[in-house]
Amino acid sequence: MDVKYKVNRLQTTNEIRPLVDKHWADLRTAKERGEKVAWASGPTFIFAYAMGMKCHFMAGYSAYCGGIGAGEEVLKVAEMTGDLPETCSYHRLHMGMGEAVARGIDINPQAILPMPDLMVAGRLCPEMSHYAEGLNRRFGIRILPIDLPSVYDLKDQPRLREFVYRQFKEVVIPTVEDVCGKPFDYDRMSEILTVLKEVATLRNQCWEFFKTKPACWTLWDYGVSIAPVFYLMGNPAGVAYYKRLLKELQERKEKGIPAIAPDGEKYRLYWDGWLPWAFLGKFMRKFTPNGAVCLCGRYPWEFFPHPELIDPEHPVETWADLYYGEGRLTYNFSPHGTVDLISELIEDYSIDGLVMFSSKTCRIMNLSQPEVIDVLDKKYGIPGVIVEGDMIDPAMISDAQIETRLEALYEMIDSRRR
Amino acid sequence: MEKVLTEIAEVTADPYGYVAGLKERKEKKVIGCFPMHIPDEIIHAADLIPVVIWRGNEPVTWGHAHVPPYDCGITRSFVDDAVRGKLGFMDGMVFHVRQCLQAGEFPFIMERHVKPSYQKVLYLPALYPGDVMRDFTITELEGFKTSLEEFTGKKISDDNLNKSIEIYNKNRSLLERVYEIRREKPEILKAREVMQIVWSSMFMLKEDHNKLLTELIKGMEAKTVEPEKDKIRVIPVGCLCQTLQFDILDLIEDLGMIIPDDDLYIGSRYFANQVNLDGSPLGALADRYLTRTPVCPTKGVWQVHWGDEAIKKMRDNDARGIISIIVKYCPPHACYYPDFKSKMEQEGINAIMIEMEHEIITLEAIKTRLQSFVEIIGGV
Ligand code: SF4
Ligand code: SF4
């Protein structure tokens with residue numbers, strides 16, 4: 001008889017929504033309190049936070065917008081006001097939101113943010129630059145641009161670190177000082193990093209419960225828990241959240257409660273690419289009934305997997321080192337880095353198969369995905385499939401295609417087990 | 001003049017064969033550079049043959065297994081050519097992986113399937129504020145030069161570099177002269193011929209190309225043409241990294257339009273800006289790269305508006321409209337386009353956009369759009 005799989009929902013994850021909502025509500029009302037507002041892309045918002053600015057983050061806002069179900073209507077405004085569908089959906093969301101405000105078009109009020117005093121535009125991906133330039137051209141927003149190349153080859157890393165560190169010191173810090181009219185607050189940056197280090201350490205302990213067989217929670221649960229290591233960075237509420245999450249996972253393990261009922265997963269999967277924020281439920285419904293669970297992924301591992309490297313005593317240096325030193329956070333965007341990271345994850349989390357999510361409008365994680373599958377298949381005998389889609393835009397998602405590819409993956413895993 | 005045009009038409013009809021033959025004749029190694037911003041003067045100074053990588057004209061086949069269908073034409077076509085073994089004559093390849101996300105596709109695929117004996121990744125920066133940008137550009141170019149020296153086992157002296165830069169500058173001046181004559185008498189060349197002239201410069205040795213251009217210019221200067229006053233002057237803009245299908249250029253002309261000047265990558269953008277020979281050659285190459293105009297949407301420039309530049313070009317040429325050509329799935333251009341379009345609307349400029357795909361099934365849809373455009377701007 002077929003096993004009827006179903007998700008065992010975690011209790012703690014219900015507590016994230018109020019934290020996240022409060023963050024965005026504070027941002028929406030910041031100007032009323034006379035606070036400065038920044039928007040950010042790439043790993044840059046910490047500099048605005050250190051200065052006490054309220055700050056949005058490009059991907060965080062997009063995830064939030066998708067999560068509250070506002071993605072589609074904001075994308076429609078973007079389309080109506082001239083944006084082309086093949087540009088990245090995060091770009092279009094921001095243009096749509098800006099245009100809705102400028103033209104008084106009615107959208108979900110929770111999706112509206114105040115126009116910023118500064119846009120800290122980290123060009124990790126070139127499109128982050130296009131979005132900032134577009135916002136400047138259309139709405140006159142001041143830009144603080146930072147070029148943040150991802151490292152193709154580790155031997156390039158030292159000179160890229162120097163390049164980025166110099167930008168932090170020579171461009172970023174003087175500009176935020178100028179905008180805020182006060183000296184850069186190194187102490188606050190250190191405090192933020194101290195909290196981040198504690199949260200990321202607790203989060204890593206939670207990751208241990210992905211390793212258990214059966215697993216105690218899913219990547220999707222972690223996906224909704226990302227904010228404390230991301231844009232809620234420096235907020236002590238994140239420590240409390242992860243302590244409770246850790247406790248719940250420990251209890252689950254003791255009581256033998258798996259992530260999916262009745263007795264845990266049949267397929268342990270790796271997920272590559274962004275999380276499909278607007279479609280988490282949709283994908284869950286395609287995994288769970290088949291006994292498949294995603295347990296780790298490249299994007300969710302971007303949030304400081306090595307808290308031991310965070311040195312709050314040297315905040316600016318540590319920030320450069322996390323991305324361009326031992327932390328290797330930008331290297332993971334290149335195919336070599338991807339192979340290295342996924343190899344570790346396959347080994348640590350006993351992965352059976354790879355789901356490579358290929359976003360049609362954001363190619364940053366798509367780079368060489370077919371090659372990466374091939375390399376890892378040869379190395380570990382683990383199959384992988386590419387699933388095409390988008391994080392936000394429903395026009396780019398095809399149910400039939402997702403189902404066919406996932407079925408193929410399950411079959412390949414089964415046939416290799418036989 | 002006709003002889004030169006025939007020669008150029010021949011080499012552009014088969015760039016693969018031409019470059020392979022060139023390599024044999026000159027007994028030099030060939031280094032392919034992915035367009036648009038690699039300063040190939042350095043490769044030339046290393047006594048190698050630099051060629052700008054091109055979009056082939058065949059449908060993508062094996063390449064599908066390596067790159068998604070939603071990558072731009074040249075990305076898919078180049079990977080396809082490479083994995084099918086059509087680029088065996090390239091001993092080396094250079095990629096500037098910061099131009100756009102898609103340019104980041106290549107190095108890993110090439111390493112695994114083509115294994116050129118030389119491969120270099122450049123991270124040229126965005127044109128952002130701060131001395132660090134220029135310093136870093138120079139660091140990148142120094143690294144590029146050193147890697148070539150290691151590859152050939154020969155030092156590249158400043159003297160060699162200056163000589164190569166001079167040859168390249170000469171080529172730019174000659175191409176500029178071709179354009180100048182074309183602006184005076186746009187009937188003198190077909191738009192496809194102009195594109196072929198610029199394109200051939202990208203993969204012929206510049207010295208050879210300079211000779212051809214010198215002869216061509218003589219012919220162009222001497223030739224009188226009957227002005228076709230009823231033709232509607234238009235300026236095509238964009239088409240980053242790759243050749244526009246020649247059929248589209250023909251279509252524009254067949255519909256009664258004429259192109260006195262352009263703002264295309266395989267056009268005036270390629271040879272814009274000389275390299276200043278006064279100071280250090282690498283510094284000068286860096287400065288050319290760091291020049292904000294012509295605005296390139298891949299370079300992170302927001303202080304100058306591309307739309308203003310295009311309008312100026314249109315007015316300088318008494319043209320009546322602008323045709324934007326966007327390569328399908330080219331995010332840098334696609335992200336910029338809405339602002340470009342708004343600028344056209346604000347200034348009351350007749351403008352249209354056509355999307356260029358690698359595999360054109362039929363020109364009918366493009367024809368219909370261009371037909372209505374030409375009617376609006378006062379044609380037949
Ligand atoms: S293309 Fe991708 S990485 Fe780049 S800004 Fe858009 S969503 Fe972010
Ligand atoms: S055409 Fe556009 S997307 Fe394609 S390689 Fe060139 S700049 Fe990148």
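Predicted model: local features only at pLDDT ≥ 70, side-chain atom pairs only at ≥ 80, totals over all residues.

## Stop 1: a pair within chain B

Select Glu58(B) and Lys86(B): the two form a salt bridge, and their closest N and O atoms are 3.4 Å apart.

Next, select Asp83(A), Glu99(A), Arg103(A), Arg137(A), Arg138(A) and Asp339(B). Salt bridges that share partners join these residues into one network.

## Stop 2: where the chains meet

Now colour the two chains separately and look at the place where they touch. How many residues of chain B are in contact with chain A? There are 56, and they meet 54 residues of chain A. The area buried between the two chains is about 4,500 Å², and carbon and sulfur atoms give 58% of it. Select Tyr70(B), Arg98(B) and Leu101(B) to see the three residues that supply 19% of the area that chain B buries against chain A, more than any other three.

Turn to the polar side of this interface. Between chain B and chain A, 24 residue pairs are in polar contact. Six elements of chain B each supply at least two residues of the side that touches chain A: helix H5 (106–113), strand E4 (118–122), helix H6 (131–152), strand E8 (321–327), helix H14 (331–346) and strand E9 (351–356). Which of them gives the largest share? Highlight H14(B), which provides eight residues. By class, the side of chain B that touches chain A has 33 nonpolar, 11 polar and 12 charged residues.

## Stop 3

Side chains of opposite charge can pair when their charged atoms come close.

Begin with Glu140(B) and Arg159(A), a salt bridge whose closest N and O atoms are 2.4 Å apart. Then select Asp147(A) and Arg98(B), whose side chains meet in a salt bridge of 2.8 Å, N to O. Asp147(A) lies in strand E5 (residues 143–147) of chain A and Arg98(B) in the loop between strand E3 (92–96) and H5 of chain B, so this pair joins two chains.

For another salt bridge, select Asp153(A) and Lys155(A), whose side chains meet at 3.5 Å, N to O. Asp153(A) is partly exposed at 27% relative accessibility, whereas Lys155(A) is exposed at 64%.

## Stop 4: Ser358(A) and its neighbours

Move to Ser358(A) in strand E9 (residues 353–359) of chain A. Ser358(A) counts as buried because its relative accessibility is 2%. Its side chain joins that of Asn366(A) in a polar contact of 3.3 Å. Beyond residues up to four places away in sequence, Ser358(A) touches residues including Gln369(A), Ile386(A) and Tyr70(B).

## Stop 5: the shell around ligand 2

Zoom in on ligand 2. The residues around it include Phe34(B), Cys72(B), Gln99(B), Leu240(B), Thr298(B) and Tyr329(B). By class, this shell has eight nonpolar, four polar and no charged residues.

## Stop 6: backbone details

Most residues other than glycine have a negative phi, and most peptide bonds are trans. With that in mind, select Ala261(A) and Pro262(A): the peptide bond from one to the other is cis, with omega near 0 degrees. Pro262(A) is in the loop between strand E6 (260–261) and strand E7 (267–272) of chain A. In chain B, the bond from Thr293(B) to Pro294(B) is cis, with omega near -5 degrees.

Finish with Asp318(B), which has a positive phi of about 50 degrees although it is not a glycine. Asp318(B) is found in the loop between H13 and E8 of chain B, and counts as exposed at 61% relative accessibility.

Conventions. Residues numbered from 1 in each chain as written. Chains lettered and ligands numbered in written order. Heavy atoms only, no water. Near = heavy atom within 4 Å. Nonpolar A, V, L, I, M, F, W, Y, C, P; charged D, E, K, R; others polar. Contact = heavy atoms within 4.5 Å. Buried area = accessible area lost by both parts, 1.4 Å probe. Salt bridge = Lys/Arg side-chain N within 4 Å of Asp/Glu carboxyl O. Polar contact = N/O pair within 3.5 Å; in protein donor to acceptor, adjacent residues only side chain to side chain. Helix = DSSP H or I, 4+ residues; strand = E, 2+ residues; numbered from the N terminus. Buried < 20%, exposed > 50% of the residue type's maximum accessible area, 1.4 Å probe, protein only.
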